[in-house]
Amino acid sequence: PLDGFEALWRMLAERYADDATVVAADMFNEPPTTCSGGDVADMYERIGKAIRDESPKILLVYEDNAWTGYSKEGFLLPRPLSLPNSVYSWHFYPDTWDLGNRALQDHVDRAREWNVPLWIGEFNAFHYATGAGYPEGWDDQVAELMAYFKSNGVSWTLWEYGHGRNSALVDKKGKVKPELLEALQQGF
């Protein structure tokens with residue numbers, strides 16, 4: 001399977017190597033905790049080198065344990081990767097800022113120790129983007145999160161724009177959620 005995965009990434013990297021709109025490759029979304037961290041790190045390095053053989057300048061993104069896996073088992077990756085021009089990523093889904101800020105700080109510390117940028121590739125504004133189960137004062141918590149991101153140089157992406165998985169910036173009618181947009185704009 002890993003040979004096929006590498007062949008697929010080589011094909012994609014070659015296909016888009018000269019496309020200026022393709023700037024990064026997120027090599028593997030949310031690696032499962034059933035894998036050993038060493039195996040995942042080795043896989044990232046193999047796939048990253050294969051991508052770079054075809055597209056030498058592309059930014060490589062590698063993810064650690066997602067929120068649920070990290071909450072149960074901690075970090076998955078045991079070591080920094082030897083992939084220049086790469087970004088360390090994590091998906092951040094705590095119910096509240098108080099439940100997530102320590103874990104986020106752990107990831108910021110790790111990125112600094114490894115001398116790589118940190119990108120929160122997914123989050124849902126403490127469930128407000130889902131439209132259900134969000135805490136009272138979610139907007140104040142998002143303001144704290146945005147301030148934290150800015151003061152610590154953390155890049156981020158809300159999951160998602162559209163409503164494919166019910167966690168979006170727009171409602172089911174395609175209208176922007178103004179409260180969510182206002183809260184996120186504090187991050188710029």
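Author: A crossing is left-handed if the near helix is turned anticlockwise from the far one by less than a right angle, and right-handed if clockwise. The model discussed here is predicted.

Reader: Which handedness does the crossing of helix 5 and helix 6 have?

Author: Helix 5 covers residues 138-152 and helix 6 covers residues 178-185, and their axes lie 8 Å apart. The angle between helix 5 and helix 6 is about 25 degrees. The crossing of helix 5 and helix 6 is right-handed.

Reader: Are helix 5 and helix 6 roughly parallel or roughly antiparallel to each other?

Author: The two helices pack at an angle of about 25 degrees. Angles under 35 degrees count as roughly parallel. Helix 5 and helix 6 are therefore roughly parallel.

Reader: How many charged residues are in the contact of helix 5 with helix 6?

Author: Helix 5 contributes Trp138, Val142 and Met146, while helix 6 contributes Glu179, Leu180, Ala183 and Leu184. By class, six of these residues are nonpolar and none is polar. The number of charged residues is one.

Reader: How many charged residues are in the contact of helix 1 with helix 2?

Author: Helix 1 (residues 2-16) and helix 2 (residues 37-54) pack at about 30 degrees, with their axes 8 Å apart. That angle makes helix 1 roughly parallel to helix 2. Residues in the contact include Asp3, Glu6 and Arg10 of helix 1 and Arg46, Asp53 and Glu54 of helix 2. Eight residues of the contact are nonpolar and none is polar, while the number of charged residues is seven.

Reader: Is Val116 buried or exposed?

Author: Val116 sits in the loop between helix 4 (97-114) and strand 4 (118-123). Its relative accessible area is 18%, and the cut-off for burial is under 20%. Val116 is therefore buried.

Reader: Which residues is Val116 in contact with, leaving aside its neighbours within four places in sequence?

Author: Thr68 is 48 residues from Val116 in sequence, and their C-alpha atoms are 23 Å apart. With neighbours within four places left aside, the residues in contact with Val116 are Tyr62, Ser86, Tyr88 and Ala111.

Reader: Why is strand 2 largely enclosed by the rest of the structure?

Author: Strand 2 spans residues 59-63, five residues in total. It is largely enclosed because the number of its residues that are buried is four.

Reader: Which residue of strand 2 is the bridge partner of Asp26?

Author: Strand 1 (residues 24-26) runs parallel to strand 2, and three bridges join them. For Asp26, the bridge partner in strand 2 is Val61.

Notes:
Residues are numbered from 1 along each chain as its sequence is written. This is a predicted model: local features need pLDDT of at least 70, side-chain atom pairs count only at pLDDT 80 or more; totals for chains, interfaces and linings use all residues. Side-chain values use heavy atoms; hydrogens and water are left out. Axes are lines fitted to C-alpha atoms, for helices over the stretch in contact, and angles run from 0 to 180 degrees between N-to-C directions. Angles under 35 degrees count as roughly parallel, over 145 as roughly antiparallel, 65 to 115 as roughly perpendicular and the rest as oblique. Contact means heavy atoms within 4.5 Å. Ala, Val, Leu, Ile, Met, Phe, Trp, Tyr, Cys and Pro count as nonpolar, Asp, Glu, Lys and Arg as charged, and the others, Gly among them, as polar. Buried means under 20% relative accessible area, exposed over 50%, partly exposed in between (1.4 Å probe, protein chains only). Two strands pair if DSSP finds at least two bridges between them.
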